[in-house]
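Hi,

Here is the structure I promised to pass on to you. Have a look at it first, and then read my notes below.

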Amino acid sequence: MKVLAVASEVFPLVKTGGLADVAGALPRALVREGVETRTLVPGYPAVLKQAGPFETAHRFDDLFGGPARLLAGEAAGLALFVLDAPHLYGRPGGPYAGPDGAEWPDNAQRFAALSWAAARLGRGLVEAYAPDVVHAHDWQGGLAPAYLAFEGGLRPGTVVTIHNLAHQGVFPAGLLDELRLPPSAFAVEGVEYYGQIGFLKAGLYYADRITTVSPTYAREILTDEGGMGLQGLLRARGSVLSGIVNGIDVEVWDPANDPHLHVRFDAAHIEARSANKAALQDRLRLDRDPDAMLLGVISRLSWQKGLDLVLETVPAVLAGGAQLALLGAGDRQLEESFAQAAASHPGRVGAFIGYDEGLAHLIQAGCDTLLVPSRFEPCGLTQLFAMRYGAVPLVARVGGLADTVVDASAAALASGQATGVQFTPVTRAALEEAILRAAGLWQDAPLWRGIQAAGMAATVDWSGPAREYARVYRAAAEIP
Ligand code: ADP
């Protein structure tokens, strides 16, 4: 079976969040399921730089405002189509926003073009390439199933995966024509979304199958609280919606073979983590204190992630003798607040504001507890990395966090199943209580060791999820 994936980011070429991890790792795992994936990505400068000697598979005279080339080749072990459209992607900055943090004003055209190219590929644009399924990730690929549906005749099956319902790609209705959407599609039963054009909405309406990244999130998005305006459509499409928990790339995230660590280790040598803890303390200018429980955070700084609550708990954390190590970027206010917390509590709070893949690995290897207090979390990856690295995740009981971490209840501890600490509701008081509970467990070294060992033994790779995606693809393509 052949699948064309459409993604606005793919690790290791370009990444801002979990979507890139998924788009980068799933194709490799799908090979074992007999699925051959090719991924269509925008030709951002960073992608083109790594896209080696690619061949030109097609030339567009006018792709939403300028000429473009479709390049085909392999990079970082991934089979790729790269959409080289300088007028859309050839600029410094991030995939969605400029260096000043402001969203690109032409994001509608940029990602409509990506989806349009995907639909053309699905219709046989490139000779000898005929995918059975087009798999669109998030709103950036959302129009692909729509463009495919507008024409009659045979077409590939379509799947849309929701990585985060908070980002929906909503644009003015006046763009309809420019985005090559037929007037008849501007309807509730089409691309229309509260008087505007909804890219994700369109994908959810037209796709044959819909997935999201955990079973709990698949249920949460059907509710008025969690549906972010799309709950009605999602409920109507409930029979084709399923939740598949993300895996992680266990080769990239392997503590026994990780170049970013001070000391590599495995489950039989968990004690070697203490050298990484010391290295992490040094790196973030924390006191070298083996007896302080070290709390880690690796996160986008946004309201979703609940990190304002972490700031509020800093006094309690410090009073309990613990330390905090944060790596994050995003919301300016949160960035400043964490930088300030570090400045106010030298040796006890360390913050690196920015994006640093290597430091993310070292935090996982060196912290005792990784905090993930998200208000909502479709799947979450950092808690999975944490388990694999012997850091005990302390998570809000929402979405994929609820599905992947087993709370250290008395029963779970007794049966050796506990892999972390969950808390609910997502409030400062509940977070503080959970940190206290974790501290209590941490004091009991053998008990803690058991939780670490259960986490390190948990199955977090892509083999199970890949099997489920293959099943969804077969259903979308009506392949028995
Ligand atoms: P989301 O996609 O909502 O940001 P996930 O937990 O699914 O959250 O994925 C986050 C990914 O981004 C993880 O791979 C995490 O390690 C990484 N990450 C987040 N912030 C940073 C940062 N400042 N530096 C390095 N990696 C980061």
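Helices here are DSSP runs of H or I with at least four residues, numbered from the N terminus. This is a predicted model, so to speak of local features we need pLDDT of at least 70, side-chain atom pairs count only at pLDDT 80 or more, and totals for chains, interfaces and linings use all residues. Residues are numbered from 1 along each chain as its sequence is written, and side-chain values use heavy atoms, without hydrogens and water.

Let's start with a pocket. On a 1 Å grid over the protein atoms alone, a pocket is an open set of points where a 1.4 Å probe fits, with protein on both sides within 12 Å along at least five of seven lines; lining residues have an atom within 4 Å of a point. The second largest pocket holds about 360 Å³ of space, a volume being the space filled by probe spheres set on the points. It has 17 lining residues, and Ser274, Lys277, Asp368, Trp442 and Arg449 are the closest to its centre. Helix 9 (273–283) and helix 17 (445–457) each give at least two lining residues, with the largest share, five, coming from helix 9.

Now for a helix pair. The axes (lines fitted to C-alpha atoms over the stretch in contact, with angles from 0 to 180 degrees between N-to-C directions) of helix 10 (residues 307–319) and helix 11 (residues 332–344) come within 11 Å and cross at roughly 25°. Therefore helix 10 is roughly parallel to helix 11, a label for angles under 35 degrees.

Best wishes

Conventions:
Angles under 35 degrees count as roughly parallel, over 145 as roughly antiparallel, 65 to 115 as roughly perpendicular and the rest as oblique.
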